[in-house]
Amino acid sequence: MKIKNICCIGAGYVGGPTMAIIAQKNPNIVVTVVDINKERIAAWNSKNFDQLPIYEPGLSDVVKDTRGRNLFFSTDINSAIINSEMIFISVNTPTKTSGEGKGYAADLKYVELCANQIAKFSKTNKIVVEKSTVPVRTSEKIKEILKSKNKAVDFQILSNPEFLAEGTAMRNLEIPDRVIIGGDNTLEGNNAIQSLVEIYSSWVPKKNILTTNLWSSELSKLTANAFLAQRISSINSLSELCEETGADIEEVSMAIGMDSRIGSSFLKASVGFGGSCFQKDILNLVYISRSIGLEKVANYWEQILIINSHQRDRFANKIKSLINNNSLNKNVCLLGWAFKKDTNDTRESAAIYVANNLIKSNLNLRVYDPKVQPQQIFFDLNYINDNDKKNKNRVSVYDSYDDCIDQTNIIAILTEWDEFKDYDWEKIYDKMEKPAYIYDGRNILEKDKIESIGFNYIGLGR
Ligand code: NAD
Ligand code: UGA
């Protein structure tokens with residue numbers, strides 16, 4: 001099928017940037033991104049390109065290029081479904097908070113709502129592309145909904161998981177390591193796969209486009225995230241061992257990363273991984289394994305999350321010990337709230353868990369993040385501890401790092417923002433209470449330089 005119109009349901013971190021690139025690279029295809037969230041769509045349509053709902057380096061330039069030409073953002077989901085030959089489902093698939101699988105399984109209610117809506121409004125044949133990260137065999141469920149609710153139309157289902165990482169999304173989309181397209185091994189299935197291959201081929205070399213069956217494609221996405229997170233938990237677990245033995249995790253990481261069989265990426269010790277996906281996707285993998293009786297497999301993958309939460313606790317507990325053992329000021333400055341640099345996304349950020357732990361011990365937090373708004377910080381805290389009053393009493397959020405270091409002995413670095421490296425640390429030292437400590441949860445500062453100013457520097461695993 002020649003694709004002239006694409007609809008993408010879900011204008012989030014994946015739907016927005018991915019469709020912007022597809023539109024840029026395929027000027028002959030009209031791409032309409034739709035969402036139930038009116039504010040989000042309004043922000044995508046904002047005249048001021050600094051006010052797009054997502055901060056991602058390079059994104060606003062692509063949107064500037066394409067919006068109004070062949071990229072459109074709308075809340076009219078039904079018309080977009082009717083008018084397109086290909087529909088991407090790119091909605092959120094969070095961990096279930098109730099019912100069977102609560103706390104582990106992926107909640108597919110938004111995906112199922114989309115399938116129902118597509119079935120209801122489709123009048124012509126459609127290729128439905130699963131872009132959201134879903135449990136293996138979800139496409140079967142989607143197919144069941146579509147085919148049982150609309151028998152007049154032929155639906156082909158494809159799985160095309162997204163591998164972009166936030167902060168580098170545009171680069172990842174522009175030069176993806178690979179694109180995976182899973183589909184049915186039938187004539188119609190193969191034709192649908194080819195339609196999507198053609199769209200990606202506008203900019204991705206054919207050798208980087210991998211076509212598979214539906215289940216392999218779905219499972220590859222969960223597996224890729226589990227492997228990446230596993231490396232972080234592995235290095236983080238060793239950071240604790242380093243602290244006890246005198247080894248330096250940065251040196252160990254460099255030494256093992258130079259082995260070409262291991263490779264150097266995702267070996268950076270940290271206060272813990274965050275982000276909307278690692279935790280939920282591993283929980284999902286654990287759930288799938290456990291629900292089919294693979295208890296040992298489930299336990300193996302669950303350990304990644306246990307180490308991640310241990311790393312966050314360890315970090316917070318060390319701050320508390322420092323304060324108690326040295327009778328320090330009970331104000332703690334937290335630099336960084338986003339789950340990684342170059343994004344305003346805070347979902348599952350280690351900062352939230354560390355802050356919550358410190359608030360529970362009645363410490364006062366002075367927070368600065370270059371891209372995260374105060375209301376988001378309070379939203380995140382209220383979401384995990386449901387104690388708005390205490391959060392407001394204990395947490396102050398500042399517009400600049402300069403204001404949040406008053407009356408503190410400790411600065412804890414929670415996100416690896418580049419600007420933190422360039423601060424005038426001598427000036428900061430002068431302003432802080434003494435003794436002054438930096439607890440670097442990302443190992444981004446130069447230990448010797450910082451210590452020469454007078455700080456007590458505590459890194460991770462060193
Ligand atoms: P998001 O929460 O940023 O965006 C999802 C959007 O879908 C929201 O704006 C929501 O309003 C909309 N939505 C939900 N139900 C809808 C419906 N029935 N009709 C219309 N709109 C609806 O989520 P995201 O980060 O873009 O993630 C989407 C999917 O992609 C998830 O499955 C996620 O696991 C996966 N993924 C995310 C990333 C990432 O970096 N964020 C990377 C790869 C894959
Ligand atoms: C991750 C994957 O990298 C993407 O391929 C995937 O598409 C995406 O999840 C998803 O499915 O949502 P993302 O979460 O955006 O992307 O960002 P990452 O760069 O993977 O970082 C995740 C977390 O791990 C961050 O908190 C980061 O600071 C931390 N991290 C990363 C480390 O602590 N150490 C490292 O060496 C690398």
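**Buried residues, ligand shells and voids**

Author: Asparagine 391 is buried in this predicted model, with a relative accessible area of 0%. The residue lies in helix 15, residues 388-394.

Reader: Is aspartate 248 buried or exposed?

Author: Aspartate 248 is found in the loop between helix 9 and helix 10 (249-257), and a polar atom of its side chain lies 2.8 Å from the backbone nitrogen of glutamate 250. The relative accessible area of aspartate 248 is 18%. Since buried means under 20%, the class for aspartate 248 is buried.

Reader: Turning to the ligands, what percentage of the area that ligand 1 exposes when taken alone does the protein bury?

Author: Among the 26 residues that surround ligand 1, the closest are Asp35, Arg40, Thr93, Glu166 and Lys280. Oxygen atoms of the ligand take part in polar contacts: a polar side-chain atom of lysine 280 lies 2.6 Å from one oxygen atom, a polar backbone atom of threonine 133 is 2.9 Å from an oxygen atom, and an N or O atom in the side chain of arginine 347 is 3.0 Å from an oxygen atom. Taken alone, ligand 1 exposes 820 Å², and the share of that area buried by the protein is 93%.

Reader: How many charged residues are in the shell around ligand 1?

Author: The shell around ligand 1 divides by class into 10 nonpolar and nine polar residues, along with a charged group. The number of charged residues in that shell is seven.

Reader: What percentage of the accessible area of ligand 2 does the protein cover?

Author: The shell of ligand 2 has 20 residues, and the closest are Phe163, Leu164, Ser270, Cys277 and Arg442. An N or O atom in the side chain of serine 270 is 2.6 Å from an oxygen atom of ligand 2, while the backbone supplies a polar atom of leucine 164 at 2.7 Å from an oxygen atom and an N or O atom of glycine 274 at 3.0 Å from an oxygen atom. On its own, ligand 2 has 700 Å² of accessible area, of which the protein covers 90%.

Reader: Which helix gives the most residues to the shell around ligand 2?

Author: By class, the shell around ligand 2 has 11 nonpolar, three polar and six charged residues. Four residues of this shell come from the element that gives the most, which spans residues 214-245 and is helix 9.

Reader: Which element gives the largest share of the lining of the largest cavity?

Author: The count comes to one cavity of 30 Å³ or more, and the space in the largest cavity is about 30 Å³. Its lining is made up of Leu108, Val111, Glu112, Ala115, Thr138, Lys141, Ile142 and Ile145, with helix 5 (109-121) and helix 6 (138-149) as the elements that give two or more residues. By class, the lining has five nonpolar, one polar and two charged residues. The largest share, four residues, comes from helix 6.

Reader: Which elements give two or more residues to the lining of the second largest pocket?

Author: The second largest pocket has a volume of about 320 Å³, and of its 18 lining residues the closest to its centre are Leu108, Pro135, Thr138, Lys141 and Tyr287. The lining has eight nonpolar, three polar and seven charged residues. The elements that give two or more residues to the lining are helix 6 and helix 11 (278-291).

Reader: What is the relative accessible area of phenylalanine 266?

Author: Phenylalanine 266 has its place in the loop between helix 10 and helix 11, and its phi is near 60°, a positive value in a residue other than glycine. Phenylalanine 266 is partly exposed, and its relative accessible area is 37%.

Definitions and conventions: Residues numbered from 1 in each chain as written. Chains lettered and ligands numbered in written order. Predicted model: local features only at pLDDT ≥ 70, side-chain atom pairs only at ≥ 80, totals over all residues. Heavy atoms only, no water. Near = heavy atom within 4 Å. Polar contact = N/O pair within 3.5 Å; in protein donor to acceptor, adjacent residues only side chain to side chain. Areas by Shrake-Rupley, 256 points an atom, 1.4 Å probe, with all protein chains shown as cover. Nonpolar A, V, L, I, M, F, W, Y, C, P; charged D, E, K, R; others polar. 1 Å grid on protein atoms, 1.4 Å probe; cavity = no way out; pocket = protein on both sides within 12 Å on 5 of 7 lines; lining within 4 Å. Points joined across faces, edges and corners; volume = space filled by probe spheres on them. Buried < 20%, exposed > 50% of the residue type's maximum accessible area, 1.4 Å probe, protein only.
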